[in-house]
Amino acid sequence: MTIERYEPGPHFAAAVTAAGQLHISGTVAQTHDAPIEVQTSEVLERLDELMTLAGTDKSRLISVTVYLPHIRDYGAMNRVWDEWVDAANKPARATVEARLAIETLRVEMSAIALLP
């Protein structure tokens, strides 16, 4: 089985392909002090970038986990999500309230997508 690592860093890779799947690590916004809507958009753009890099797209997402440090942001995050997600191919999804590594971050997402 071939394993490919995308953008490996000192502690983990941004994404890994193996066994016909793309696993995307926890992804956060570049603009750490932005509102939840901006951070969510940035995270979703990054997921698109990583999926494109691996040769897949959001129509092939099978699972997404969303981490919010403040569950009160759930509605605002969902409004951005609903504009982005492929309505005909929605993945399974869990949303968890959790403290994130940087205090100003408002959202983090990890994902799994099938490769073509």
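In what order do the six strands of the open sheet lie? The order is β1-β2-β3-β6-β4-β5, and the pairing is mixed. This is a predicted model, in which local features need pLDDT of at least 70 and side-chain atom pairs count only at pLDDT 80 or more, while totals for chains, interfaces and linings use all residues. Residues are numbered from 1 along each chain as its sequence is written, and side-chain values use heavy atoms, with hydrogens and water left out. Helices (H or I, at least four residues) and strands (E, at least two) are DSSP runs, numbered from the N terminus.

**The sheet**

- Two strands count as paired if DSSP finds at least two bridges between them.
- The edge strands, each pairing on one side only, are β1 (4-8) and β5 (92-97).
- Neighbouring strands of this sheet are turned against each other by 10 degrees on average, direction ignored. Axes here are lines fitted to C-alpha atoms, for helices over the stretch in contact, and angles run from 0 to 180 degrees between N-to-C directions.
- Strands β1 and β2 run antiparallel and are joined by four bridges. A hairpin of four residues leads from β1 to β2, and P8 stands opposite A13 in β2.
- Strand β4 (residues 61-68) pairs with β5 in the parallel sense over six bridges. The bridge partner of V64 in β5 is R93.
- Strand β4 also pairs with β6, in the antiparallel sense and over six bridges. Here the bridge partner of L61 in β6 is A113.

**The helices**

- Helix α1 (residues 36-54) packs on the sheet and touches β1, β2 (13-18), β3 (21-28), β4 and β6 (108-114). Contact means heavy atoms within 4.5 Å.
- The direction of α1 makes about 150 degrees with that of β3.
- Helix α2 (residues 74-84) lies across β4, β5 and β6 and runs at about 155 degrees to β5.
- The buried residues of α2 are A76, M77, N78, V80, W81 and W84. Buried means under 20% relative accessible area, exposed means over 50%, and partly exposed is in between (1.4 Å probe, protein chains only).
- An α-helix has 3.6 residues a turn, so residues three or four places apart point the same way.
- The cover over the buried residues of α2 includes α1, β4, β5 and β6.

**The largest pocket**

- The largest pocket holds about 290 Å³ of space. A pocket is found on a 1 Å grid over the protein atoms alone, as an open set of points where a 1.4 Å probe fits, with protein on both sides within 12 Å along at least five of seven lines. Grid points are joined across faces, edges and corners, and the volume is the space filled by probe spheres set on the points.
- There are 13 lining residues, and the closest to the pocket centre are F12, A14, G26, T27 and V28. A lining residue has an atom within 4 Å of a point.
- Strands β2 and β3 and helix α1 each supply at least two residues of the lining. The largest share, four residues, comes from β3.
- By class, the lining has five nonpolar, five polar and three charged residues. Ala, Val, Leu, Ile, Met, Phe, Trp, Tyr, Cys and Pro count as nonpolar, Asp, Glu, Lys and Arg as charged, and the others, Gly among them, as polar.

**Single residues**

- S110 lies in strand β6 and is buried, with a relative accessible area of 16%. Not counting residues up to four places away in sequence, S110 touches I24, S25, G26, S63, V64, T65 and Y67.
- M1 is in the segment before β1 and is exposed, with a relative accessible area of 78%. Not counting residues up to four places away in sequence, M1 touches A18 and A19.
- The C-alpha atoms of M1 and G20 are separated by 9.5 Å, although these residues are 19 residues apart along the chain.

**Backbone angles**

- Most residues other than glycine have a negative phi.
- E7, which is not a glycine, has a positive phi of about 50 degrees. E7 is in strand β1 and is partly exposed, with a relative accessible area of 43%.
- A19 is not a glycine either and has a positive phi of about 50 degrees. A19 lies in the loop between β2 and β3 and is exposed, with a relative accessible area of 61%.
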